[in-house]
Amino acid sequence: MNADAGITTLDLSTTELREVNETLQSARPGNRRYEIVNTRGAHAIAVGLDAPIEVTVKGSTGYYCAGMNKQATIRVEGSVGPGAAENMMSGTVIVDGDASQYAGATGHGGLLVVKGNASSRCGISMKGIDIVVHGNIGHMSAFMAQKGNLVVLGDAGAALGDSIYEARLFVRGEVASLGADCVEKEMRPEHLDLLADLLAKAGADAKPEEFKRYGSARKLYNFNIDHAGEY
Amino acid sequence: MDQTPPTLPRQSWTFSNETNSEIRRAAATGIYDIRGGGAKRRVPHFDDLLFLGASMSRYPLEGYREKCETSVTLGTRFAKKPIELKIPITIAGMSFGSLSGPAKEALGRGATMAGTSTTTGDGGMTEEERGHSKKLVYQYLPSRYGMNPDDLRRADAIEVVVGQGAKPGGGGMLLGQKITERVAGMRDLPVGIDQRSACRHPDWTGPDDLEIKILELREITKWEKPIYIKVGGARPYYDVALSVKAGADVIVLDGMQGGTAATQDVFIEHVGQPTLACIRPAVQALQDLGMHRKVQLVVSGGIRTGADVAKALALGADAVSIGTAALIAIGDNDPKWEAEYQKLGTTTGAYDDWHEGRDPAGITTQDPALMARLDPVEAGRRLRNYLNVLTLECQTLARACGKSHVHNLEPEDLCALTIEAAAMAQVPLAGTNWIPGKGF
């Protein structure tokens with residue numbers, strides 16, 4: 001560990017993951033800025049944080065980077081493996097590169113920004129998180145998405161929003177196909193306002209009017225045998 | 001006048017009255033039958049085993065004088081804070097939502113008084129459950145309803161649920177009538193809609209991924225909490241071996257008699273293996289990996305008596321877990337509600353429409369009037385009493401076999417009444433030295 005100019009540097013080539021995470025998990029308000037170097041694709045970097053600190057991850061990571069984050073702002077100067085910011089509760093996670101599968105899975109709150117592309121199942125089972133992807137997202141994204149907002153500046157893969165509940169999906173580009181019970185919906189003024197706010201927070205250069213909104217048709221909310229073929 | 005003696009009307013074994021009633025129900029509704037509970041069909045079970053007891057070559061222990069220990073420690077492999085239990089019987093995971101708040105409180109009270117743990121379920125951790133459970137295992141499920149890092153840290157152990165015995169490979173469904181404002185709020189979903197619990201985890205597939213997921217859970221909880229993996233009784237040898245590989249501290253193995261809050265009857269009765277058939281392959285996997293007693297094995301699915309507990313331990317389990325029996329102990333299917341069961345078209349002992357939320361006993365419901373019928377304090381006492389009896393019975397059998405700790409029970413103490421049970425439990429058929437599959 002090295003502290004310089006108010007930034008504490010944690011080197012994963014010389015420091016155990018447990019010590020790195022312990023340092024971040026026990027961070028106090030007086031020591032608010034950290035950077036992690038020599039990530040070498042390690043898993044579970046900066047997980048379970050619960051303080052308003054700023055963490056910069058210099059390099060690409062493995063699975064579950066920033067998992068279950070609360071309060072912290074975590075920036076990854078690279079790409080992330082599967083499950084980045086999974087089950088995030090609050091705070092902000094920014095990925096400068098691409099994200100593998102399940103980015104933002106089951107997240108309850110906070111903001112996840114992916115500057116590149118996100119792979120399949122982005123926002124799966126999301127429960128209140130906001131996700132903004134500057135590029136494209138893969139298939140089965142927002143599967144069983146419950147709450148929150150998924151914004152995609154590029155294209156969406158097949159079966160977007162399959163079995164979706166109350167989450168809102170905004171896509172600027174093409175949608176390969178919609179999943180069961182997911183339909184295009186009217187873009188009302190409150191949605192344009194919401195979108196403008198999310199785009200601004202995510203540093204995205206796009207106009208809300210360029211997007212289409214998708215959400216649940218709510219036909220599968222209560223089991224009906226006549227709809228069995230739609231699942 | 002000659003009269004030909006009449007032949008009695010003959011019912012078909014294949015098309016029994018029960019089978020025919022299901023055909024008629026299916027024809028009328030167009031949908032499969034959904035119910036709670038575990039497999040009801042007769043399958044080889046612990047009843048098909050007997051203890052041999054002490055004899056010329058074995059010394060018994062004096063029942064009222066000599067000690068027979070029952071304590072068990074779960075999570076000794078990696079966790080900094082393993083769970084120490086006074087008895088080898090835990091309460092299985094059952095969700096708030098499927099069960100009422102008072103029922104969850106009663107389970108916590110009873111388990112705590114008996115010195116054991118209880119377990120959350122789908123839908124997250126409730127205050128009444130955490131508050132009344134000295135040792136609480138937090139289930140980490142595919143739906144992740146109510147999942148948050150604070151509750152992970154408040155738990156005494158974490159159980160990653162891969163499957164359950166009633167429906168290996170299946171998810172769940174909590175029907176809208178049980179989705180009150182509180183239940184819906186905990187699950188981040190609208191009130192009154194059917195809530196599907198996914199059959200697969202959203203952010204990992206397979207044991208290689210699970211190993212990394214467990215690393216994340218350990219990092220978030222500072223490597224303090226024991227991590228259990230719960231699997232349904234499908235392929236016990238490989239499921240246990242892969243769970244060890246994935247980094248489990250404890251493996252919970254649930255046979256097909258294990259209950260569920262709700263799923264298709266066809267799933268409950270036709271998928272998975274009987275509990276009895278699962279134990280020996282699971283123990284074999286642990287032994288082959290040098291992990292028996294290092295990674296603890298908890299067996300569940302149809303445990304009812306101290307004899308069942310003792311037999312499961314003798315076959316190599318470290319502990320057992322009970323769900324259905326615990327519900328019965330606190331008042332489920334009690335004959336005092338017979339008139340109301342009749343109104344629901346069922347009878348005491350057969351009531352299994354737990355998903356409909358109309359449970360006369362106030363256990364599998366969210367209806368305030370029905371819930372109020374269950375006194376959690378009294379129900380907790382009943383569960384404590386029942387757990388004490390299971391423990392005393394298990395000790396009685398262990399002493400009769402000369403064991404000073406229930407974990408000293410072993411397959412050699414058993415014989416089987418049927419060829420099937422002998423094959424599954426890998427103990428000799430009574431009166432012979434024959435273990436089917438092991439030669440003569």
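Two residues are in contact if their C-beta atoms, placed from the backbone, lie within 7 Å. This is a predicted model, in which local features need pLDDT of at least 70 and side-chain atom pairs count only at pLDDT 80 or more, while totals for chains, interfaces and linings use all residues. Residues are numbered from 1 along each chain as its sequence is written, and chains are lettered from A in the order in which they are written.

Start with helix α14 (residues 376-400) of chain B and helix α10 (residues 306-314) of chain B. Helices here are DSSP runs (H or I, at least four residues), strands likewise (E, at least two), numbered from the N terminus. The axes of α10(B) and α14(B) come within 7 Å and cross at roughly 55 degrees. That makes the pair oblique: angles under 35 degrees count as roughly parallel, over 145 as roughly antiparallel, 65 to 115 as roughly perpendicular, and the rest as oblique. Axes are lines fitted to C-alpha atoms, for helices over the stretch in contact, with angles from 0 to 180 degrees between N-to-C directions.

From α10(B), B:G306, B:A307, B:V309 and B:A310 meet residues of α14(B), including B:V389, B:L390, B:L397 and B:A398. The residues of this contact divide into nine nonpolar, two polar and one charged. Ala, Val, Leu, Ile, Met, Phe, Trp, Tyr, Cys and Pro count as nonpolar, Asp, Glu, Lys and Arg as charged, and the others, Gly among them, as polar.

Helix α2 (residues 101-114) of chain B also meets α14(B). Their axes come within 7 Å and cross at roughly 40 degrees. α2(B) and α14(B) are therefore oblique to each other. Among the residues that meet are B:P102 and B:M113 in α2(B), and B:L383 and B:L387 in α14(B). This contact holds 10 nonpolar, three polar and three charged residues.

Now the two chains. Their contact takes 34 residues from chain A and 21 residues from chain B. The largest share of chain A's side, three residues, comes from α1(A). That side divides into 16 nonpolar, 12 polar and six charged residues.

Last, the interior. A nonpolar core is a set of buried Ala, Val, Leu, Ile, Met, Phe, Trp, Tyr and Cys residues joined through C-beta atoms within 7 Å; buried means 20 or more other C-beta atoms within 10 Å of a residue's own. The largest core has 190 residues, and those with the most contacts inside it include A:A46, A:L112 and B:Y228. Helix α9 (residues 275-288) of chain B gives the largest share, eight residues.

Key:
Buried ≥ 20, exposed ≤ 12 C-beta atoms within 10 Å, placed from the backbone.
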